[in-house]
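The structure comes first and the notes after.

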Amino acid sequence: MNDLSQARNFDEFMEGIWRQNPVFVMVLGMCPALAVTVSAVNALAMGFATTFVMVCSCALVSLMRRIVPKEVRIATYIVIIATFVTVVDYVIQAVSLELYEALGAFIQLIVVNCLILGRAEAHASRHPPLAAVNNALGMGLGFSLGLFALGAVREILGAGKLFGVALFGANFQPWVVMVLPPGGFFVLGAWLLLFAALKRRKEARLAAQGGGHGA
Amino acid sequence: MSAPSLSPPQATPATSLLKTLGLVSTVCGLIIVGAYQGTYDAAAANRRLALERTVFKVIPAAKSMNEWQATPQGIRPAGGEAAAGTVKFYAAYDVEGRLAGIAAEGAARGYADAVRILYGYSPACQCITGFGLVASKETPGIGDKIVTDKAFLANFAALDVKLNADLSALANEVKAVKHGSKTNPWQIDAIAGATVTSRAVGKAINDSAQQLLPKLLPQIEQLRKKES
């Protein structure tokens, strides 16, 4: 029983990281995903900031799920999310001004990230706090992973660096368009293509297997 | 006769809605105030550090600095009410407390939003000796070359900002010129492909220096030694 529920929790956790990955599968939160992923550090910072906001607000939404009337639930969720975004805003300023400048307005815009409101409404408001936190953590890490996949590729191609460390010699001519807005779309498109191809291959394999068993 | 089932099953009374919103707002307000109080010191220290780092970068000999204000009546240490027409600047001192240079901020519109810079001024040669970025949103890989392009930075080894004879303005306006057409020491050779950003740097320095230097230079003796 305990093992079973643990396995289910883990499944739920992995859901956000892989099967329901917010960036590559649900294609949610594209605004920050395209805008701030010019470097791996920015992408990770944005991902962790979003994760923090999502985990905290889902915990609070879940704790309050019995006392919030349905008429005001959206207003309540937005206030709660905005609160934790403000907290993140202050914390990033205290940690690193450089990072704060780099992320710019996108920290404040976490408030309207549909991913977070979606989690609060679809999951946290119907589940006890632990399950909500578990799910939010998985989704948040999945989002961070997605952003990192974008940011790392763009930084390597567009600046010839990863985490600010130069990878190629001084003669490397960076592919500047990759750190400009169009690069975000190129890289996202390439990743989506890869994931769609993987999914199609898996489906084909499952269909072949299923056909074999059925016959 | 399905009308009754269309009405909301149980409408929540307004007082309960208000109570919930009030409770949520109170909790959220407390969290925000707590976070603000908790991070205030660290954030202020961060801002001060970032400023110091930029000042020390444009004036390499500097080891400490004081904040000053230049007013039409003269200069005075910063603090108190800043009247209209005052310009903030930083006096930087070396290890022995001798004036190493002056740093001041300037801003001008670049390609995307304002480019805010901090430049170092040496009273000895009456020239700009370097600049650093405070904030900019210029295009990565193009406009942000202004802090990495060696040929561009060479413009600021000794950029001429001498005052005119009656000390009322700069003798020559600092200006960014098209790449390759610099002929005078007060001109800035723009980066090819990043002309707009290069011009913004020139304009930021010019605007700020025109404001500050006529007020500052006649009083420079006050700043020679660091006040303890």
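Predicted model: local features only at pLDDT ≥ 70, side-chain atom pairs only at ≥ 80, totals over all residues.

Residues are numbered from 1 along each chain as its sequence is written, and chains are lettered from A and ligands numbered from 1 in the order in which they are written.

**Confidence**
- The model has an ipTM of 0.75 and a pTM of 0.72.
- The mean pLDDT (the predictor's confidence in each residue, from 0 to 100) of chain B is 82, and 91% of its residues score at least 70.
- Helices (H or I, at least four residues) and strands (E, at least two) are DSSP runs, numbered from the N terminus.
- Within chain B, mean pLDDT is lowest in helix H1 (residues 3-6), at 51, and highest in helix H2 (residues 14-58), at 89.

**Chain A**
- Eight helices and two strands make up the elements of chain A, in the order α-α-α-α-α-α-α-β-β-α from the N terminus.
- Along the principal axes, the C-alpha atoms of chain A fill a box of roughly 60 × 60 × 30 Å.
- Of the 215 residues in chain A, 40% are buried; buried means 20 or more other C-beta atoms within 10 Å of the residue's own, exposed 12 or fewer, and partly exposed in between, with C-beta atoms placed from the backbone.

**Contact between the chains**
- Residues are in contact if their C-beta atoms, placed from the backbone, lie within 7 Å.
- Chain B brings 23 residues to the contact and chain A brings 24.
- On the side of chain B that touches chain A, H2(B) gives the most, with 17 residues.
- That side of chain B has 14 nonpolar residues (Ala, Val, Leu, Ile, Met, Phe, Trp, Tyr, Cys and Pro), one charged (from Asp, Glu, Lys and Arg) and eight polar (the others, Gly among them).

**Nonpolar cores**
- A nonpolar core is a set of buried Ala, Val, Leu, Ile, Met, Phe, Trp, Tyr and Cys residues joined through C-beta atoms within 7 Å.
- The largest core has 53 residues, and A:Ala49, A:Val53 and A:Val88 are among those with the most contacts inside it.
- H2 of chain B is one of the elements that give two or more residues to this core, while H3(A) gives the most, with 12 residues.
- Not counting residues up to four places away in sequence, A:Val88 touches A:Ala49, A:Phe52, A:Val53 and A:Ile107.
- Another core lies apart from it, with 44 residues that include B:Val58, B:Phe131, B:Phe152 and B:Val201.

**Sheet of chain B**
- Seven strands of chain B form an open antiparallel sheet in the order E2-E1-E3-E4-E5-E6-E7; strands pair if DSSP finds at least two bridges between them.
- Strands E2 (74-77) and E7 (159-160) of chain B are at the edges with a single partner strand each, so one side of each has no neighbour in the sheet.
- H2(B) packs on the sheet, and its direction makes about 155° with that of E6(B); axes are lines fitted to C-alpha atoms, for helices over the stretch in contact, and angles run from 0 to 180 degrees between N-to-C directions.
- Six of the seven residues of E3(B) are buried.
- B:Gly97 has a positive phi near 80° in the hairpin of E3(B) and E4(B), which has five residues between the strands.
- E4(B) and E5(B) pair over eight bridges, and B:Ala104 has B:Tyr119 in E5(B) as its bridge partner.

Definitions and conventions:
Contact = placed C-beta atoms within 7 Å.
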